[in-house]
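This briefing is meant to be read beside the sequence and the coordinates.

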Amino acid sequence: MNPKYQPIMEPYRFKNGVEVKNRVVLAPMTISYSRQDGTISDDVIAYYESRSNGVGMAVTGSAIVTSSGKVFGGEIAADHDDRIPSLQRLAAAMKKRGAKAILQIFHGGREALPEAVSNGEIVSASAIAKEGQSVIPRALEEQEILEIIRAFGASTRRAIEAGFDGVEIHGANRFLIQQFFSPYTNRRDDRWGGNLDKRMAFPLAVVDEVNRAVAEHAKRPFLVGYRFSPEEEMTPGITMADTLKLVDALANKNLDYLHVSLMDFWSKPRRGVEDNRSRMEIIDELAGQRVPVIGVGSIRTPDEALRALQSGVPLIALGRELIIDPDWVEKVTQGREDEIRTEITLDDQEKLGIADPLWHKIVHTPGWFPIAGQGVTG
């Protein structure tokens, strides 16, 4: 291995004692490979086994905590105890080559598809329709909110019983937890909405419930992370100032890491703070001494990964890059970094084991993946 890349391959120990073998994390991406009943197919097992190859830690795509939270119809399910055998297969496959396996748990809220959820009823923090759509979600009632919070805890217990090394609470990408935090989708006037502190109540309650489940059920150190999107483009929406308040609160919880959801590691704040540094640097400065921050976003080459680590974050996540080249880590450790693929071709679907729904999204979402012959994107 080229010695300059040694920092990428150094082990990292979390405060609870869990150690990962290097600084590379498989970022969570929903691959829509599970069966419609939520059980894990052989294709899912093969995909996650290959993408966990060499990384220190691997995070699954979104796993539902209740049936009302389905967005894609093909996501992993962690909503009932009968899912545990499937989850055990998945955890074992991800851990096969030494990665720590993390189950990302979520509820889609208003992002859910009517045909994917029971009774076709979409729920959210408030009755605010998704942009460009006519379906208006029903605002959750108090008892339902408490049930969903408990469901995050129950899914955490299932992850523990299935042999995962941790869970990641999905508070990003416009799903339910973010819907409660955002002033755009949360217009409530009870204890779950209103001012910024009340809009943080649901995310923080989920964190508390997940931590409670870990304390009760885990017999060994078990990681709990939280993923968030720093800003929203809509008005009123989440600003960088709002996110820094949330990050400050999260850093005071007993979390093992924070995971930022970004398309570009070096992107700068849109509004809310006057600062010329990247969002990642601002977040890490605020929280990094209390809880490690995972950086992500358009990191393709070892040099880009090294530069990201040099900004101060201890771990970096690769999403699109590990879809394009599952052997990224192996190539770095063997001194074959010149062989790393950083763009996809239109003939790669079968070779890379990519499900039809994900492949369709890759090909038809301009700016998401770098596609050979179409220029470098996003």
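In this predicted model, buried residues make up 60% of the 378 residues in the protein. The protein has 14 helices and 14 strands, and its radius of gyration of 19 Å is close to the 21 Å that the globule rule gives for 378 residues, so it is as compact as a globular protein of that length.

**Overall dimensions and contacts**

- Along its principal axes, the C-alpha trace of the protein spans about 55 × 45 × 45 Å.
- The accessible surface of the protein comes to about 14,900 Å², and carbon and sulfur atoms account for 47% of that area.
- Of the contacts between residues at least 6 apart in sequence, 69% join residues that are at least 24 apart.

**Strand S12 and its neighbours**

- Strand S12 (257-260) is covered on both faces, with Tyr257 and His259 buried on one side and Leu258 and Val260 buried on the other.
- S12 pairs in the parallel sense with strand S11 (residues 223-228) over four bridges, and within this pairing tyrosine 226 has leucine 258 of S12 as its bridge partner.

**Methionine 263**

- Methionine 263 is found in the loop that lies between strand S12 and helix H9 (279-287).
- Although methionine 263 and arginine 320 are 57 residues apart along the chain, their C-alpha atoms are separated by 10.0 Å.

**Helix H3**

- Helix H3 (residues 84-95) has twelve residues and reaches 16 Å from its first C-alpha to its last, which is close to the 16 Å expected at 1.5 Å a residue.
- The buried residues of H3 are Ile84, Ser86, Leu87, Leu90, Ala91, Ala93 and Met94.
- In an α-helix there are 3.6 residues a turn, so residues three or four places apart point the same way.
- The cover over the buried residues of H3 includes helices H2 (42-51) and H4 (142-161), together with strands S4 (57-59), S6 (76-77) and S7 (100-106).

**Backbone features in loops**

- Most residues other than glycine have a negative phi, and most peptide bonds are trans.
- A cis peptide bond, with omega of about -5°, joins threonine 235 and proline 236, and proline 236 has its place in the loop between S11 and H8.
- Asparagine 173, in the loop between strand S10 (166-171) and helix H5 (176-181), has a positive phi near 55° while being a residue other than glycine, and at 33% relative accessibility asparagine 173 counts as partly exposed.
- Serine 298, in the loop between S13 and helix H10 (302-310), has a positive phi of about 55° although it is not a glycine.
- With a relative accessible area of 17%, which is under the 20% cut-off, serine 298 is buried.

Technical notes. Residues numbered from 1 in each chain as written. Predicted model: local features only at pLDDT ≥ 70, side-chain atom pairs only at ≥ 80, totals over all residues. Heavy atoms only, no water. Helix = DSSP H or I, 4+ residues; strand = E, 2+ residues; numbered from the N terminus. Expected span 1.5 Å × (residues − 1). Buried < 20%, exposed > 50% of the residue type's maximum accessible area, 1.4 Å probe, protein only. Contact = heavy atoms within 4.5 Å. Pairing = 2+ DSSP bridges. Rg over C-alpha atoms; globule rule 2.2 N^0.38 Å. Areas by Shrake-Rupley, 256 points an atom, 1.4 Å probe, with all protein chains shown as cover.
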